[in-house]
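Q: I would like to learn how to read a predicted protein model with care. Could you take me through the features one at a time?

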Amino acid sequence: MPEIQSNSTSERGRPIIDFRPEQGIYDLTIMNTSYSRDNGRFECRVKASGTGADVHQEYYNLTVLTPPQPPFVEPVELRATEDEKFELTCSSIGGSPDPSITWYRVGSEKPLKSTIAKGGSKDLRTSSTLSIVPRREDDGAKFRCVVWNRAMSEKDKLETTVTLSVNCEYHARTSRSKFAP
């Protein structure tokens with residue numbers, strides 16, 4: 001029977017290994033996980049007993065799930081000018097894996113197109129930037145930012161809503177008659 005080696009230990013001692021090859025079960029359970037210690041690449045190696053020759057070897061990436069922090073929107077002052085590009089950035093710090101951040105216009109369940117910048121680590125910021133060119137009728141429009149990752153249940157999404165203020169520039173048209181003095 002092959003022997004099992006593990007370089008990973010949990011705080012309570014050795015990890016729990018469920019090795020039943022006849023049933024196709026080769027499970028490693030790590031108790032009391034820690035992102036800094038356990039998030040990363042693991043190697044699974046099966047060696048022949050006696051000779052120690054490698055029978056099988058595979059690598060697996062383990063993601064320790066941690067929820068992201070609540071979202072915040074920048075700029076804080078949401079004053080846009082009519083017909084000029086305006087960007088809203090919704091960010092969340094942390095989370096493993098990086099959270100998804102989705103923008104919606106309140107009243108619609110259709111996600112808005114935005115640009116995502118992933119943090120890549122549980123301590124860094126993931127952001128979603130929504131670019132809009134507001135019109136006069138967008139004054140008072142509400143936008144909702146929703147943050148979620150697999151560490152959370154579907155119903156526990158984090159969200160925030162902001163209201164856009166659009167400054168409209170009115171230009172008075174004047175015309176002069178060629179007969180005016």
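The dialogue below takes up confidence, the sheets, the disulfide and a pair of threonines.

Q: What should I know about the model before reading any detail?

A: This is a predicted model, in which local features need pLDDT of at least 70 and side-chain atom pairs count only at pLDDT 80 or more, while totals for chains, interfaces and linings use all residues. Residues are numbered from 1 along each chain as its sequence is written, and side-chain values use heavy atoms, with hydrogens and water left out.

Q: What is the mean pLDDT of the chain, and which elements have the lowest and highest values?

A: pLDDT is the predictor's confidence in each residue, from 0 to 100. The chain has a mean of 85, and 85% of its residues reach 70 or more. Over residues 1–13 pLDDT stays under 50, although the model has 31 contacts for them beyond four places in sequence, a contact being heavy atoms within 4.5 Å. Where pLDDT is low, the predicted coordinates should not be read in detail.

Q: In what order do the three strands of the open sheet lie?

A: Two strands count as paired if DSSP finds at least two bridges between them. The order is β9-β12-β13, with antiparallel pairing, and the edge strands, β9 (100–105) and β13 (158–163), each pair on one side only. Neighbouring strands of this sheet are turned by 20° against each other on average, direction ignored, where the axes are lines fitted to C-alpha atoms and angles run from 0 to 180 degrees between N-to-C directions. Six bridges join β9 to β12 (residues 142–148); I101 has V147 in β12 as its bridge partner, and R105 stands opposite F143 in β12. On the side of β13, β12 again pairs over six bridges, and there R144 has T161 as its bridge partner.

Q: Is strand β12 mostly covered or mostly open?

A: Buried means under 20% relative accessible area, exposed means over 50%, and partly exposed lies in between (1.4 Å probe, protein chains only). Strand β12 is mostly covered, with five of its seven residues buried.

Q: How is the four-stranded open sheet arranged?

A: Its order is β6-β8-β11-β10, and the pairing is antiparallel. The edge strands are β6 (72–74) and β10 (115–117), each of which pairs on one side only. Strands β8 (residues 86–93) and β11 (residues 125–132) pair over eight bridges.

Q: Which residue in β11 is the bridge partner of T89?

A: The partner is T129, whose side chain also makes a polar contact with that of T89 at 3.1 Å. A polar contact is a pair of N or O atoms within 3.5 Å; within protein, one must be able to donate a hydrogen and the other to accept it, and residues adjacent in sequence count only if both atoms are side-chain atoms. Beyond four places in sequence, the contacts of T129 include W103 and S114.

Q: Which cysteines form a disulfide?

A: A disulfide is a pair of cysteine sulfur atoms within 2.5 Å, and by this rule the count is one. C90 and C145 form it, with sulfur atoms 1.8 Å apart. C90 lies in strand β8 and C145 in strand β12, so the pair ties together parts that are 55 residues apart in sequence. Both cysteines are buried, whereas C44 counts as partly exposed because its relative accessibility is 29%.

Notes
Helix = DSSP H or I, 4+ residues; strand = E, 2+ residues; numbered from the N terminus.
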